[in-house]
Amino acid sequence: MSKKFLFHRMLQTIPVVLGITLVVFSLMHLTPGDPVETMLGSVGHISQEDIELIRQELGLDQPLWKQYLGFLGGIVRGDWGVSLRYGVPVKDLIRERLPATLELTLAAMAVSLLIAIPAGVVAAIRRYSIVDQVSTLVSLIGVSLPDFWLGLVLILIFSVGLGWLPGGLRLGFEVTAPPTVTGLLLVDSLLARNWEALWAAMKHLLLPSLALGAPLAALTMRITRSSMLDVVKQDYITFARAKGLKEAVVIIKHALRNALIPTITVIALNMGTLLGGNMIIERIFSWPGLGQLVVDSIRTYDYPVVQASVMLYALTYVAMNLAADLVYTRLDPRVKL
Amino acid sequence: MELEQVLYQESPMWSALRDFWRLYRKNRLAVWGLAVIAIMVIAAIFAPYLTPYHPEKPDFTALRKPPFWMPGGSLAHPLGTDHLGRDMLTRIIHGGRISLTVGLVVIFFATSVGTILGLISGYYGGRIDAVIQRIVDTLLSFPYLILATALVAVLGPGLQNMLVALAYKEWIYPCRVVRSEVLAAKNKEYVEAAKAAGAGDLHIMFREILPNVFGSVIVVATLRVAWVILMEASLSFLGLGVEPPAPAWGTIISEGRRFINTQWWISTFPGIAVLLTALGINLIGEGLRDALDPRMR
Amino acid sequence: MKKGITAVVLVLLLSGLVCAKTLVIGFDDDLVTLDPADFSHRQTEAMLRQVYEGLSTYTPDREIVPELALSITAIEPTLYEIKVRPGVKFHDGSPLTAEDVAFSINRLVKEGAMAGRTSQRRGLMGPTKGAVAVDEYTVHVELANPWPLFPRFIPWQMIVPKSVGDSYIDKPVGTGPFVFEEWVRDSHFSVVRNPEYWGDPPKVDRVVFRVIGDESARVSALRSGEVDIATFIPVHEISSLENHPEIDVVSVLGTRSYFLEMNVNKPPFNDIRVRQAMNHAVDMDTIINVIYEGRATRIPFILSPQAFAYHDGLPMFDYDPEKARRLLAEAGYPNGFSFELDTVDAHRARAEIYQAMLAEVGIDVKIRTWPTWGAVREAWMQMKDKPVAEQRDAFLNDWGNASLDPFDILIPKFHSDHRGLGRGNFSGFADPEVDRLLEASLESDNNEERLMLFRQAQEIIHAQVPMVFEFVAHEIYGVRSRVKNWRPSPDSRIHLKEVELAH
C-alpha cells in the first residue's frame, strides 16, 4: 500500500518538475526586447560583435524548442550557465551565497519553533483561557505582519535605538571570520573554537531570524494548538490519564509526540515560503545570501542567475513537499491511499 | 418597528443574515476586525475630504516634520511629514485605497477562476483533474514573491502588471479548497437526488454544489485578501508596485527606510497601517469561519 | 621560489596584525572584477588602485603627476615615448620594466587579449594602436591618428606584470603601496601594507573595504566606529553626524552632473519654447537648498565648474513659472500637456519634485521608474526606428564625467552618432556644426584651441536647450577623527598613501 502510494507520489512530481522548468525558461523569453542588450546597456563600451557573441553563447540565436532542450540538458548536466553580470559560473555564485541563506533559514526555523511549540501546547491545554486568547491574537498578528517592516522596526529598536544588536551583515567588522568549512558561520566558528566569532555570528543572526521566523512561528503555533486539541481527544490519551500518569507526562510524552507530526509537515511545507521571504529580509539586513542575489539579478536582468535560483527554490519546495508526505505516511498510520 | 418584524419573519434572507450575525458576533475579535476594516474602507472612500492636504504634492516648507507629540511636531501634521514635506496621515489614508483595491480586485478574479476550475476539477475528476492539479502543484512550488518580482520586472511596473503578478498564482488556493469540498459533496444525497431528477452537469455544479461550498470559498477569499495586501506591500517595498508619487504603503516604507537613523516615523506608520488592515481582515476571516463553517472549530 | 618569498612576507605581515593598524572603509558598492582592465565602475577602480598603479595619476587636486612613468612625451603626433621609473618591483618580486608597460598597454587595446575577452577600458585608450619596449626603461606607443589627449587619459589605466600572459586576472599583483590580501564578494576587499614600496611606504598596515550597500547601515557603522571612513553619506544624516564628537563630515564637488533629457524630435519637446518653459518651470534653487540641503552646485549647462572648458558665460535659466506658462501658450499648449518621464529608482524623489513643480504650469508628468539604467537605455534603443509618436518622451538622468574633460560627456550626450544605439544621446540632439566642433576637438593638440572648440559647441547646444540643466552634487564622506591626512577626491578615488591612524 505504502509502496504504491510512494510510487504514485513520485510519478506526480515529474510533470511538476517539467512545469517548473517550463515556467523558469519562459521567464527569460517573456521580456520585451533583447535580454542581452538590456543587460549590457549599463556597461557602456560594448560593441555589436560582443553582443552577438554573448547571444551565441547563450544560444539565443536558436529556435525556442532547441533552446528549451538545451536548457533542460544544462540542468541535468549541472551546467547552469555563466552570470551575465559577474562573468562567473552561476553554480559558483550560488555555492558562495547558499550557506548564508541556509544559516538564516535554519535559525529562523529554530527561533520560531522555540517560541511556537510551547506556546501552542499551553494554548491547547489551557483552552479558552486568557493565555489561549492572547496567543491566538498574537499569532494572528504574526501572520498579518509585513516581515520586512518587522525587520525595520527591530533594527530601529534594537540597533538604532538601544544599540544592543547589529542591524545587518553576518559578522562584525572587528571579528576575524573562522576558516570556511561548511559556510555556516555558527558551525565554522565552533569548529575553529573561535568563541568571539561564534558570539558575533549569533548576535548578527538574532534580528533577521526573528523577522523571518515570526510569520512561521504564528502559523506553527496555531497548528500545534489545533493538533494538540485533536490528539487530547483520542482514546489513548484518555487511557493514559486513566492509568494515573502525571498530566505533564501525558502531555509531553504521549500527546505532544503525536501532535508534532502535522506541525513538522507544515513547517516543511513552509520552507518554501521561508526561502522566498529571505529575499526582502536579506536586503534589509545586508545579508549576503541567495535572496539578495536573486533580487539583484532580477533587477539587472541577469537571467542565468535568475533561472538557476528560481529553479533551486522550486525544486527545494518539491523535495520538501515529497519528504513531508513520505514522513507523514510513515508516522501516521491513518493516511492511506 | 412593525415593518421590521414583518420583514424578519417573512424574508428568509433576513433570517439567514440574522443567524449569521448571531454566530459571528460570538467572536469578539472578529467584531473588532470588522470595525477596523469598516473604518479603513470609509477612510479610503472619503480620503480626499478627511485631511486638508494633497497626498502627492510636496511642501518644501514642512520637510520631515516629526509626529505631533515630539519636539518640533504639531497637530497640523499629526503623524509628521515625509522627505518631501507631504503629510504622512494623508498619504497613509490614500495608500489604503491602493491596498484595498489591489486586494479586492486580485481576490475577485482569483476566486472566480479558482472556484470554476475547482468545481470542474473535483466534479469531473480523471484526466482533467490531473492536469489542473499538476498546474496547481507547479505554481505552488514557486516562492510567491520571487516569481511575482520576476514577473513585474519582465512586464514593467504599474498597477495593472502588479495585479497580474499577484493573481497568477492566487487562484490555486480557492481552487484546492473548492475541489476538496466538491469531492466530499459529490456523493451526498442532494447531488444524487439532482442527478436522479435528470439535472445536467452545469446545473449540479453551479446550482446544487456551489451554494454548499460557498461558505468555505468566502472564508478562503477573505483570508487571502490579507495575504495579497501583504504581498502588494512587499512588491511596492521592492520598488515594483504602482508608480510614484502614488502613496502605496510599501513604497512609503521603502522610501522611509533611508531615513531610519534620523526620521523613524516615515517607515513606521505605514507599516502599522498594513498590519492593522491585514489583522482586521484575518480576524474577519476567523469570524466568518466560525459563523459559516461550524465544523472548523 | 618567488611564491615562497611572497608567502613568507605575507605570513610575517599577518602575524604582525595583532597590533596592526587597520583602516576600515565603508564602501557603497562591491568590485565587479579583480582584473584592472575589465571594468568601467568607479568603486572597482578605487579599490584596485590600492594594489595597482598607473604610469601617471590624478591627485585629489586634479593634477596629473607621474607615477610609474618618469615622463610621457610626444615625439610625433602619433608616437609617444614613455620613460619607465627604474627600481620598482611588483608584489611578486619581479622588477618593473618597459616590457611590462608595453604588455599592459597592448592588453588594453588588443582584441581578446584577456582569455578571449576584450578590455572594457579600450574606449579610454582612444586611437592607441599598440606599444613596444625599445629598451629596458623606454616604451613607444603608437596611435592610429593624432590624439593629444593621450597623457590625460593614461592615468586611468593600470600597469600589470607581463607574466599575466593571456589570462584573466583573478589574483591582483601590482606595484602599488598595498598588497592584495583577499576579496570576499559582497563582503570585503582587503589589502596589506607593501613594505617594499618604491615611494614612502604607507603608514597603515592594512586596509579593509567593507561593502555596505545600504546607506543607513553605512552611517550606523560609522557611528559605532566599525568603519573609519564611510562613502556617500546622504544629506539628511549630515547634521546628526556633525554633532558627533569623533566624526568629521567632509565633502567634495563630485564629477557627476544631473539633468533631464527631452526628446527633441517628438512633440511637444520638438518646440524650443516648450524646452525653455521646462527650464523656467523648475525651481532648481529650492531643489538644491531644500532637498540637497545646499550640498550641490547649480550649473548653467552640464559641465562641472571644475571641468576643462567650463563655460561660465552661459546664462542660467531663472525660475519663472509665469514666463513658462507664456512660452507654453506661444508654443500652442496654453493648457499644458502630459508626458511620460523615465527614470531609475535613485532619482525617484527628484522626479516627484519635477512632477509637482511642472504641475504648477499645467504640465502633467507620469513617472516611469525602471529597474536599471540599462533597462531605460534598452527601451530608448528599441524605439529609435519607430515612428516619432511611439518614441519615449524624456529621461531624468545623470552622467559621471570622471576625467573632467568635455570629451567624455559632450560627445556621448550631443554627438549625433550617439543617438539611438550610441552611448547616451537620449535627447536625440543632432547638429552638424556641433558634430564638427567635437570631432575637431579630438584631433587638436592645442589646449587653447580645444577650449575654443568646446566653448563654441557648448554655446550652440545650450541655445537649443535639449535638457533641463541642473547641478553637480557634492559627494559627502564621514570620517572618524582617528584618521589623519585623508581627504576626498572628486573622482571618488581613495588616496591612502599618506593616511595615518591615531592611537
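Author: A residue counts as buried if 20 or more other C-beta atoms lie within 10 Å of its own, and as exposed if 12 or fewer do. The model is a predicted one.

Reader: What percentage of the residues of chain B count as buried?

Author: The cut-off is 20 or more other C-beta atoms within 10 Å. Chain B has 297 residues, and the share of them that count as buried is 50%.

Reader: How many helices and how many strands are there in chain B?

Author: Read along the sequence, the pattern of chain B is α-α-α-α-α-α-α-α-α-α-α-α-α. The C-alpha trace of chain B spans about 75 × 60 × 30 Å along its principal axes. Chain B has 0 strands, and its helices number 13.

Reader: Are α3(B) and α5(B) roughly parallel or roughly perpendicular to each other?

Author: Helix α3 of chain B covers residues 28–45 and helix α5 of chain B covers residues 88–124; their axes come within 8 Å and cross at roughly 105°. Met40(B), Val41(B), Ala43(B) and Ala44(B) in α3(B) meet Ile93(B), Gly96(B), Arg97(B) and Leu100(B) in α5(B). By class, the residues of this contact are 6 nonpolar, 1 polar and 1 charged. Angles of 65 to 115 degrees count as roughly perpendicular, and α3(B) and α5(B) are therefore roughly perpendicular.

Reader: Is the crossing of α8(B) and α11(B) left-handed or right-handed?

Author: The axes of helix α8 (residues 159–170) of chain B and helix α11 (residues 201–237) of chain B come within 11 Å and cross at roughly 140°. That makes α8(B) oblique to α11(B). The way in which α8(B) passes α11(B) is right-handed.

Reader: Which residues of α11(B) does α8(B) meet?

Author: From α8(B), the residues involved are Met162(B), Leu166(B) and Glu170(B). The contact of α8(B) with α11(B) has 5 nonpolar, no polar and 3 charged residues. The partners in α11(B) are Arg224(B), Val228(B), Met231(B), Glu232(B) and Leu235(B).

Reader: How many of the residues of α7(B) are buried?

Author: α7(B) reaches 16 Å from its first C-alpha to its last, close to the 16 Å expected at 1.5 Å a residue. Among its buried residues are Tyr144(B), Leu147(B), Leu151(B) and Val154(B). Just after α7(B), Gly156(B) has a positive phi of about 95°. α7(B) is mostly covered, and of its 12 residues the number buried is 11.

Reader: Which helix gives the largest share of the side of chain B that touches chain A?

Author: The contact takes 36 residues from chain B and 38 residues from chain A. On the chain B side, α6, α7, α11, α12 and α13 each supply at least two residues. By class, the side of chain B that touches chain A has 24 nonpolar, 9 polar and 3 charged residues. The largest share, 9 residues, comes from α13(B).

Reader: Why is Ser139(A) buried?

Author: Ser139(A) lies in helix α6 (residues 130–144) of chain A. Leaving aside neighbours within four places in sequence, Ser139(A) is in contact with Ala218(A), Met221(A) and Arg222(A). Ser139(A) and Met221(A) are 82 residues apart in sequence, but 7.0 Å apart in space, C-alpha to C-alpha. Ser139(A) is buried because the number of other C-beta atoms within 10 Å is 25.

How values were computed. Residues numbered from 1 in each chain as written. Chains lettered and ligands numbered in written order. Predicted model: local features only at pLDDT ≥ 70, side-chain atom pairs only at ≥ 80, totals over all residues. Axes fitted to C-alpha atoms, helices over the stretch in contact; angles between N-to-C directions. Helix = DSSP H or I, 4+ residues; strand = E, 2+ residues; numbered from the N terminus. Parallel < 35°, antiparallel > 145°, perpendicular 65-115°, else oblique. Left-handed = near helix turned anticlockwise from the far one by under 90°. Contact = placed C-beta atoms within 7 Å. Nonpolar A, V, L, I, M, F, W, Y, C, P; charged D, E, K, R; others polar. Expected span 1.5 Å × (residues − 1).
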